[in-house]
Amino acid sequence: MSELSFKPVSLGADVEQRSRPSLSYWQDAWLRLQANKRAFVSLFVVVGMVLFAFVGPVFWRIDPHAQDLDQTSKPPWEDRRALIVAPYQPWSGVSASSPEGDYVAPRSLEIVGDATTTFVRLVWDPVPVASGYRIYRQIVEPQSGEPLGLPLGTVHDGSVSFEDRLDIRPRTYWYSVVALDERGEEFPEATTIEVEAVFATTVANAIERGYVSNPESLSVGSTIHVPLHPFGTDYLGRDMLARLMEGARISLFIGIVAPFLFVIAGVVYGSIAGFLGGNLDHVLMRFADFVIALPFLLFMILFKLLFGIGPGESGILPMLVALVLLSWPGAARLVRGEILKIREEGYVDASRLLGTHTSRLIMRHMIPNTMGVVLVTFTFAVPSAIFTEAFLSFIGMGVTAPTASWGSMCNDGIKTMESTPHELIFPALFISVTVLAFNLLGDGLRDALDARMRYGE
Amino acid sequence: MSDTLIPSSPPAKPFKEEVSRGSAWQLAKYALVGLLFFVVLLALLGLVTANSAAGTRSTSAVDYATNTITLTLSSEPPQLNSTRSTDMVSGMVLGHVMEGLLRFGPDNNLIPGIAESWELDELGGTFRIRSDAYWSNGTQVTAHDFVFAWQTAVNPETASQYAFILFPIKNGQRINEGELPIEELGARALDDFTLEVELEQATPYFLKLLAFFTYYPINKEFYLSTGGRYGADAEDLIYNGPFRIASWVHGASVRLEKNEYYWNRDETKLDAIDFAYILNDANAVLNLFATRKIVFAGLNSENLDRALKNRWRIQEHVDGSVFFLELNHRPDRLTSNYNLRKALQLVHDPAELVYKVMKLPGNLPGESIFPVWLRGVHGSFRDEYPGPRFVQDEVKAREHLAMALDELGLDELPPLMFLTGDNPVSNKQSEYYQRLYKEKLGIEVKIDKQIFKQRLAKMTSGDFDIVAAGWGPDYDDVLTFGDLFASWNANNRGRYENPELDKHVAIAQSSSDPVERMEAMDQVQKILHDDVAILVQYERGSVYVSDSRVKGVSRRAVGTDPDYTRAYIVQEENE
Amino acid sequence: MIRYVLWRLLQGVITVWFIATATFFVMHNLPGDPLADEKAVSPEIRENLEKKLGLDKPIVVQYGLYMWNMVQGDFGLSFTEENREVNAIIRDHFPVSAILGVLAIVIAGVGGILWGALTALYRNRWPDVVIILLVILGISVPSFVFATVGQLALVTINNIAGFQVLPVAGWGTVAHMLVPALVLGLGTMAFLTRLMRTSMLEIVSSDFVRTAKAKGVPTAQIFSRHQLRNAVLPVITVLGPSIAGITTGGFVVENVFGIPGLGRYFVLAVQQNDYGVIMGTTVFYGAFLVLMVILVDILYAVVDPRVRLE
């Protein structure tokens, strides 16, 4: 080792140059969150959902409760043209006496007037031996020998006409008429007609529903375009987009606030129990077991009573309270388990040896290290809270009609999954996207908050 | 600790190293162990359930070999002790395995059952019991069995909810109220085959009651031998009807087999009816039908299109019940105001409700509390007495509303409480009504959705303005609907009181002149309409799909429905 | 050990007693009349019914009687299925729910641990991304949708195959159990997968793994011995309550697949104010759950030697 190996530094030189500015824990976390693209996009999605719920109605000014019974369960891609027709007048129908002959199916079957969604009127030639006729409607072309579809009704006493008003949609129908013998049994032959029903509305209705801006130009027989429903309509003809916005307010509130509160409660409870241990731990955990075992449904009713929620009023607040009061034990047990594990870790012992105060020990070591499981619990509690709300609303303990929530919209949509899938797909999509965003954001948050995880990405 | 300050420098990625093959192998091994564990567990559980009785036998809809048809039940039959049954499912099962003095024939008319013949006048009569009627344990069905069953039903200790249906029999009501001993009931067995019945007062529809399940006979000796468990299990019952319960696995299945002791066994063509599933989810039932596991499935407006696309044979059936909005007539309620009720009536549109909201054929827009299928003097009651025509008129409705506000001294009407159940159908309807009254009259309606018993409690205590209610007939006579709104009827939950109406009900209860009775009932439907006691919504119908290989099934509004007692299987037609 | 278990069991009994008492008084104070029916019941008939069911006595007496009977293992009669004892209902239907629940929990547990480990192993590569997306789907779609879609899929499969691959509904054989158990376990499996993944990743960066690595222990051994074993702990913690959640939460699945389980009875009982069944099932499930929690705590000590049973 020669003398040249060492040489005194010049005192003026900046030895401890910091390459980066000093950052606090939270600044650091924020920076790391920003670096995580998925998490950051998710954050925007969550913010976007909140904006959708609260600012959306400012731009989409359609009443979510306005029913349009002429346009129920309408998918967004359906034709928007509407024929203007005269107001509905009852129809007396047509009667005819039986002719001579030996045929058993009507020789002709015709529609009277326009076939529209308001009504389809059928008239047919009488059959010699018929005691009456049964009218069927099918949505696929009936093959010979096959069932004729939906029995709409039966006419007797020489009547040879039928008026169908039952939920006619703008589509092709096949109407069949079968004659009945004197015992009321059907003859084997039928007469079928293909009918293209067009969507129709009246002048009064078009004005009332605001289909057009210049009511003067409306006349019977003209065609107008009804306003677009970007997400279609539901079973009472209500605008799905407006309902999704309304539903977002309910579902996001219950889906975020309830899990947030009960997870926090669980974390506090669980860490106290886990950290202090001993008899207190025992008592606390037995109490948690007790709460888990309480039947949710009964206590939900109880809270509703305690809150004095009258009929027809929204049960959102008691639902929130019930969810928080009855759901925290899961999180508490989880956190306690983690704390028990962490308590035995070397760095905790080290920290304790250095004389760290208990509260700091909990805040600095315990809680951040349980963050991972806590965030997972939280992100998973979001959808389950949304569905609990749906279930409770369904049995009359949650939001009251006509208020919508995503969960209750799913509940309604599932029943028509096959014929009008849009009623299920859109609310389900909104729930999925929200849940996905919360999950990715939760992942990102965990990585950002947990100092040990910073190399993970 | 300086490295914590370098968040944005490219991390060293220590953990994105190549996935260790070893670890992946290890995981694969664990997966295999997990799968093995699962398979073993599955096999074990399969063994356990196979040994217990709770299994669904793997059957197809129609089994030619065993001459069996397979069906679903919407719920477990809650009570098969006929003196205490109240519900439709129990009634349907009992209708297949028991027989009263009379039973329903294939054309839904009443035909002799256990009673061979009878003479009946205004205040009683005698029934001749057929001598070839046996219970499924081989003992004879006697007049004593009827006396015992009826005495048991009115016995206060039995606490039967349907005891009232026996009140036309002399002393029935007083026994049930504990004033007289059960032996005082006006039904006596003169000998094994002669049953004498005394009536409290003239009851013109008494014969029609006799096919009802509370009137079924019970063998006393057997009843006592069950030690209070009569009807609890298949072994705790004996049968005198076309079928007997061969096995009953609670919550899972009920299997009926032909009763070889039934007097009319030659008319029973099926060897077994297997209610192999207890299922009330409409889509699930339709799924079973789609895979040809069952012969019958009800449809609703949501799954109608599926049945149409599959080209299944769809039939309709009017189930006999009438649904209506009951208005609360208690004096402290807004709805006790006639003009308000009139306003509500004038914008009420049953046709729109049925065609645009309920969307199911079979339902008929309601016009009267008396459904179309009820018999009048000669033909249909509604053909003979069509009742008042009902017209919507928004302008008039608003006038009445204005008058109502005036009379009530209000500027604006407070919200009306609409009590409703928690099922999807009533959900839709209440939302529709809420919007209807808001749009047409500006009346705020609050929906009070309650689960079953809570709703009933509120209905009874009168905690509502409007409630959606329905009524299914107990017996085949106009009176089963006609006395609903008599001031003394406990089912009159809106407490509608009108002496005029009571007078007409009393006439129909006791008069033996059919024309006088029907005219009284016509007055009842006029009063209900003119005074707006209720708003009739619809007559319930249903549509269903059924297997074309099964024939001879009867559907009816009153009595066992659907009735498979005379059903038979035919060979497949063209499929 | 035995002393600990006995001590825990004693605590369990007290917990169950609390549950029973709380439920009893809440139930009796709820609105709704258990004796009401669609067709009105006259006061006289009602009186007869009350006497028969013992509802005419003061509530404290009813409570005392109930507790006394409960201690003797008698839960009384059902109000809706009036001929059946609650004991019989539990005896007949709990095993069905339990079998379904056990299968579901095994699917969820084994699946969750394996998928979770797999995603952690392949972190940020395609298997991870795919599985996590599926997990999100699994959790954000409610079980009633899964049940309906699952059943519809069965119909389609059977119709295409032309014979019965798996039954659409019913109960009795292994074939009847598979799809309902899968549907029931799916949500929990998704949750456990995520939990497992998170906890695996946390352990990767823990001290003892680092030490093992430094010592030159083979990666595969670290993975199975240290990571997996430690990561399973939080999964076990939530497993306890999930078992009860799955066995009680089977309502939807039981309803759609026509399975004679206890879940259907409980929901129906709440709607019907069936005091007997509500009490019976609540107390029974409470006891079951407390037992599960105790089991899990013991299991915990077995898996993790650092946790001692005090």
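This is a predicted model: local features need pLDDT of at least 70, side-chain atom pairs count only at pLDDT 80 or more; totals for chains, interfaces and linings use all residues.
One of the salt bridges pairs C:Arg84 with B:Glu76, and the closest N and O atoms sit 3.9 Å apart. The cut-off is 4 Å.

Which helices of chain C supply at least two residues each to the side that touches chain B? I noted α2 (43-53), α4 (86-121), α6 (143-161), α7 (174-204), α9 (219-248), α10 (251-257) and α11 (262-272). The most comes from α4(C), with twelve residues. By residue type, that side of chain C splits into 36 nonpolar, 20 polar and 15 charged.

Then the overall extent: 71 residues of chain C contact 79 residues of chain B. I have about 6200 Å² of area buried between the two chains, with carbon and sulfur atoms giving 60% of it.

Separate entry, on B:Gln525. I found this residue in helix α17 of chain B, which covers residues 514-530. Is B:Gln525 buried or exposed? I have it as buried, because its relative accessible area is 3% and the cut-off is under 20%. Its side chain makes a polar contact with the side chain of B:Ser368 at 2.5 Å. Leaving out residues up to four places away in sequence, I listed what B:Gln525 touches: B:Ser368, B:Phe370, B:Phe381, B:Arg382, B:Tyr385, B:Pro386, B:Gly387 and B:Pro388.

Conventions
Residues are numbered from 1 along each chain as its sequence is written. Chains are lettered from A and ligands numbered from 1 in the order in which they are written. Side-chain values use heavy atoms; hydrogens and water are left out. Helices (H or I, at least four residues) and strands (E, at least two) are DSSP runs, numbered from the N terminus. Buried means under 20% relative accessible area, exposed over 50%, partly exposed in between (1.4 Å probe, protein chains only). A polar contact is a pair of N or O atoms within 3.5 Å; within protein, one must be able to donate a hydrogen and the other to accept it, and residues adjacent in sequence count only if both atoms are side-chain atoms. Contact means heavy atoms within 4.5 Å. Buried area is the accessible area (1.4 Å probe) that two parts lose on being put together, summed over both. A salt bridge is a side-chain nitrogen of Lys or Arg within 4 Å of a carboxyl oxygen of Asp or Glu. Ala, Val, Leu, Ile, Met, Phe, Trp, Tyr, Cys and Pro count as nonpolar, Asp, Glu, Lys and Arg as charged, and the others, Gly among them, as polar.
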